[in-house]
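Hello,

Here is the structure I promised to pass on to you. Have a look at it first, and my notes follow below.

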Amino acid sequence: MAFEPPRRLVRALGESAPDGDGWLERLPEAVEQAVASRELAVERVQVPGGRSSLVMLVRRPDGTPAVLKLAPPRARPESERAALAQWGGLGAVQLLEPAVTEGVLVLERLHPDVSVRSLPEAKALLEAAGTLRRLWVEPPGDHVFETVAERTARQAVVMRGASASAEVVGLVDAALAAREELVAAPPEQRLLHGTFRQSKVLAGERTPWLAVGPDPVVGECAFDLARLVRDRVEDLIASPSGAATTRRRVKRLAESLDVDQERLRGWTLFRAVESGVRALRVGRPRDGELLLEFAGWL
């Protein structure tokens, strides 16, 4: 089956693995095998799609609409599968094929072009936060998920090695100091989505909104909520009241989800600086500058 992987995916994989690992070259064959072995009928490739996986809209042999997702090992698809199995469709997309097939997921079909981001900002935040709350469950006792401390330790190493201006160095130092304090005494250990934002919440049939695309991690809830704080960062930066709006958002989200406000602020700072430094490193200066300006408000 001939197809072109979405440009967004090709660009993002080039940023995360500039030397390449051959996954994109093997992708057509992997798609052919995944479709044939399941007797799926392909409708289309989802475009622009995600930054870490190929998503295809398909139909199963009985005509049921579904999603076929293929991801490289560095996107941790087996970790995603384990998290979706643990959630069992509560707050998240349903896993339709529990059997392990390396790098391949068959998922419930949601409305791929309708995310909570399509709602007015205040309503979108409310619906997204409500969805996120349902995902915060106890992790299995024998879980193999990465922890917040482990993931952010890896990120901290890269942040320390980044060459940047004095202003950026100051933000990096503040973010790393916040992280050290936060990981010292986490208030709880929950299974987290890991990369939650408004565009990760899609309209569904069995419930209005469901989360997709987790990069699961185990840790405190404030870490998960931190990424939501900076949603629509372009609009925040463009607004003359962006800094005040951000501080109000931190307060409102912390109160609505019973999360410590200062811990949420700290994780929001760390995650914004980490993302900003990474964007600068891979050649996306506009994104990096927006994120670091946002971080300076915290």
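To start with a pair of helices: is the crossing of α4 and α7 left-handed or right-handed? The crossing of these two is right-handed (clockwise if the near helix is turned that way from the far one by less than a right angle, left-handed if anticlockwise).

Before going on, a word on the background: this is a predicted model, in which local features need pLDDT of at least 70 and side-chain atom pairs count only at pLDDT 80 or more, while totals for chains, interfaces and linings use all residues. Residues are numbered from 1 along each chain as its sequence is written, and side-chain values use heavy atoms, with hydrogens and water left out. Helices (H or I, at least four residues) and strands (E, at least two) are DSSP runs, numbered from the N terminus.

Back to the helices. The axes of α4 (residues 121-135) and α7 (residues 221-229) come within 11 Å and cross at roughly 160 degrees; axes are lines fitted to C-alpha atoms, for helices over the stretch in contact, and angles run from 0 to 180 degrees between N-to-C directions. The two are therefore roughly antiparallel (over 145 degrees). Leu 125, Ala 128, Ala 129 and Leu 132 of α4 meet Asp 224, Leu 225 and Leu 228 of α7, where contact means heavy atoms within 4.5 Å.

Next, the sheet. Four strands form an open sheet in the order β1-β2-β3-β4, with antiparallel pairing (two strands pair if DSSP finds at least two bridges between them). β1 (41-45) and β4 stand at the edges with a single partner strand each, so one side of each has no neighbour in the sheet. From one strand to the next the twist averages 30 degrees.

β1 and β2 (residues 54-59) are joined by four bridges, and Val 42 has Val 58 in β2 as its bridge partner. Between β3 (residues 65-70) and β4 there are five bridges, with Leu 68 opposite Val 106 in β4. In β4 (residues 104-108), five of its five residues are buried (under 20% relative accessible area, 1.4 Å probe, protein chains only).

Helix α2 (residues 23-38) packs on it and touches β1, β2, β3 and β4, whereas helix α3 (residues 77-87) lies across β3 and β4, at about 35 degrees to β4.

Finally, Gly 283 sits in the loop between α10 (261-281) and α11 (285-296).

Enjoy exploring!

Note on methods
Buried < 20%, exposed > 50% of the residue type's maximum accessible area, 1.4 Å probe, protein only. Parallel < 35°, antiparallel > 145°, perpendicular 65-115°, else oblique.
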